Amino acid sequence: MPICLHLTLFTCPISVRRQYITPTRSCLARAAAAKSDMAASSVRVAAAQMTSINDLAANFATCSRLTREAASAGVKLLCFPEAFSYVGAKDGDSVKIAEPLDGPIMQRYCSLARDSSIWLSLGGFQEKGTDDEHLYNTHVVIDDYGNIKSTYRKIHLFDVDVPGGRVYKESSFTEAGKDIVAVDSPLGRLGLTVCYDLRFPELYQQLRFQHDAQVLLVPSAFTKVTGQAHWEILLRARAIETQCYVIAAAQAGKNNDKRESYGDSLIIDPWGTVVGRLPDRLSTGIAVADIDFSLINSVRAKMPIAKQRKPIDFWKSASL
């Protein structure tokens with residue numbers, strides 16, 4: 001029977017001489033072409049999970065270790081959670097350490113991406129605001145050359161009285177962003193969001209249907225209470241209704257005496273299936289999965305909601 005050594009996906013003729021089996025040139029060419037096609041149709045990504053504290057150096061050391069681990073696993077995009085670089089122990093700490101994007105903190109992460117030849121999703125970073133009392137909660141995407149490719153400032157701020165928990169008022173020290181952001185990358189077209197944005201499906205609808213996103217990034221620091229109730233449900237809903245991959249990197253465990261994060265970093269495919277998850281919801285590590293662009297295309301072709309959805313004017317008239 002025709003075979004091709006070491007390439008189980010293909011069959012092709014062989015030539016036999018002196019008991020050595022040699023793949024023919026056409027076999028090798030077909031295999032190389034197929035390998036290239038496979039590489040073009042899928043790419044490996046990872047969602048990091050960590051417990052950031054009020055120590056910039058310690059958090060960077062954790063991020064560096066996870067980046068090396070991801071690079072060794074063939075990951076092309078590693079996503080870190082909200083507040084990856086710093087979680088303050090008391091009110092006001094985050095504003096004090098906030099820096100512009102060209103400051104030394106972010107430049108260390110740019111160097112990390114360049115040295116590891118990997119794209120990094122960093123959200124949200126404590127970017128210095130327009131005054132000394134405020135910051136921006138900024139999602140930063142860095143390419144494998146260490147260049148900042150795009151930034152998104154969190155639009156929906158976490159002003160919430162958590163049932164059975166504490167009262168949060170992110171707007172007291174954070175300026176809200178105003179722009180929807182998507183960016184092209186070798187990992188597909190990325191839609192940028194941060195944490196509490198997850199509860200507002202209009203943003204994700206815009207990213208998919210107006211900005212052509214294929215992969216939605218949701219770096220987060222969900223509380224334990226809200227995470228237990230809503231985390232996975234909301235993420236899978238966003239994936240299903242937009243037919244996008246969702247990568248949700250999460251803070252996990254006790255960040256300090258006042259703050260406990262839910263964890264459970266997830267990667268979800270366009271059908272709503274969880275395809276990447278750490279075995280321990282609270283451990284530090286990375287969840288790895290492959291983005292399959294053919295799956296995105298298949299789901300969208302077989303259920304063409306982009307063509308079937310109604311324009312805003314339809315709903316205005318229908319509500320009369």
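Visitor: Which residues touch the most other members of the largest nonpolar core?
Guide: In this predicted model, Leu 77, Leu 190, Trp 231, Leu 235 and Ile 247 do. That core has 45 residues.

Visitor: Take Ile 247. What does it touch, leaving out residues up to four places away in sequence?
Guide: Ile 247 touches Val 45, Ala 46, Ala 47, Leu 77 and Cys 79, and also Val 215, Leu 216, Leu 217 and Val 218. Leu 266 and Ile 267 complete the list. Leu 77, one of these partners, is itself among the residues that touch the most other core members.

Visitor: What about a second core, how many residues there?
Guide: The second core is separate and has 25 residues, including Cys 63, Val 75, Val 140 and Ile 286. In soluble globular proteins, nonpolar side chains tend to be buried together.

Visitor: How much of the chain counts as buried?
Guide: 49% of the 320 residues. The accessible surface comes to about 15800 Å², and carbon and sulfur atoms hold 53% of that.

Visitor: And the fold, how many helices and strands?
Guide: The protein chain has 9 helices and 19 strands. Among contacts with a separation of 6 or more, 66% join residues 24 or more positions apart.

Visitor: Where is pLDDT under 50?
Guide: Over residues 1-39, for which the model has 30 contacts beyond four places in sequence. Strand β1, residues 14-17, has the lowest mean pLDDT of the elements, at 32.

Visitor: Which element has the highest mean?
Guide: Strand β13, residues 215-217, with 99. Val 215, Leu 216 and Leu 217 are among the residues that Ile 247 touches. Over the protein chain the average pLDDT is 89, and 87% of the residues score at least 70.

Visitor: Switching to charges. How many salt bridges are there?
Guide: The search of the whole structure finds 14. Side chains of opposite charge can pair when their charged atoms come close.

Visitor: Which residue does Asp 93 pair with?
Guide: Lys 90, at 3.6 Å from N to O.

Visitor: Is Asp 93 buried or exposed?
Guide: Asp 93 has a relative accessible area of 8%, so it counts as buried. Lys 90 is at 52%, which makes it exposed.

Visitor: What does Lys 128 pair with?
Guide: Asp 132, with the closest N and O atoms 3.3 Å apart. Lys 128 is partly exposed at 38% relative accessible area, while Asp 132 is exposed at 60%.

Visitor: And Arg 114, what is its partner?
Guide: Arg 114 forms a salt bridge with Asp 115, and their closest N and O atoms are 4.0 Å apart. Arg 114 is partly exposed, with 41% relative accessibility. Asp 115 is exposed, with 62%.

Visitor: Which residues are linked in a network of salt bridges?
Guide: Glu 232, Arg 236, Asp 264 and Arg 277.

Visitor: Last topic, the surface. Which residues make the nonpolar patch of about 340 Å²?
Guide: Ile 312, Phe 314 and Trp 315 make that patch.

Visitor: Where is Ile 312 found?
Guide: In helix α9, which covers residues 312-318.

Visitor: Why does Ile 312 count as exposed?
Guide: Because its relative accessibility is 58%, and exposed means over 50%.

Note on methods
Residues are numbered from 1 along each chain as its sequence is written. This is a predicted model: local features need pLDDT of at least 70, side-chain atom pairs count only at pLDDT 80 or more; totals for chains, interfaces and linings use all residues. Side-chain values use heavy atoms; hydrogens and water are left out. pLDDT is the predictor's confidence in each residue, from 0 to 100. Helices (H or I, at least four residues) and strands (E, at least two) are DSSP runs, numbered from the N terminus. Contact means heavy atoms within 4.5 Å. A nonpolar core is a set of buried Ala, Val, Leu, Ile, Met, Phe, Trp, Tyr and Cys residues joined through side-chain atoms within 4.5 Å. Buried means under 20% relative accessible area, exposed over 50%, partly exposed in between (1.4 Å probe, protein chains only). A salt bridge is a side-chain nitrogen of Lys or Arg within 4 Å of a carboxyl oxygen of Asp or Glu. Patches are made of residues with over 30% relative accessible area and no salt bridge: like charges are joined within 9 Å, nonpolar side chains (Val, Leu, Ile, Met, Phe, Trp, Tyr) within 5 Å. Accessible areas come from the Shrake-Rupley method with a 1.4 Å probe; for residues, only the protein chains shown count as cover.
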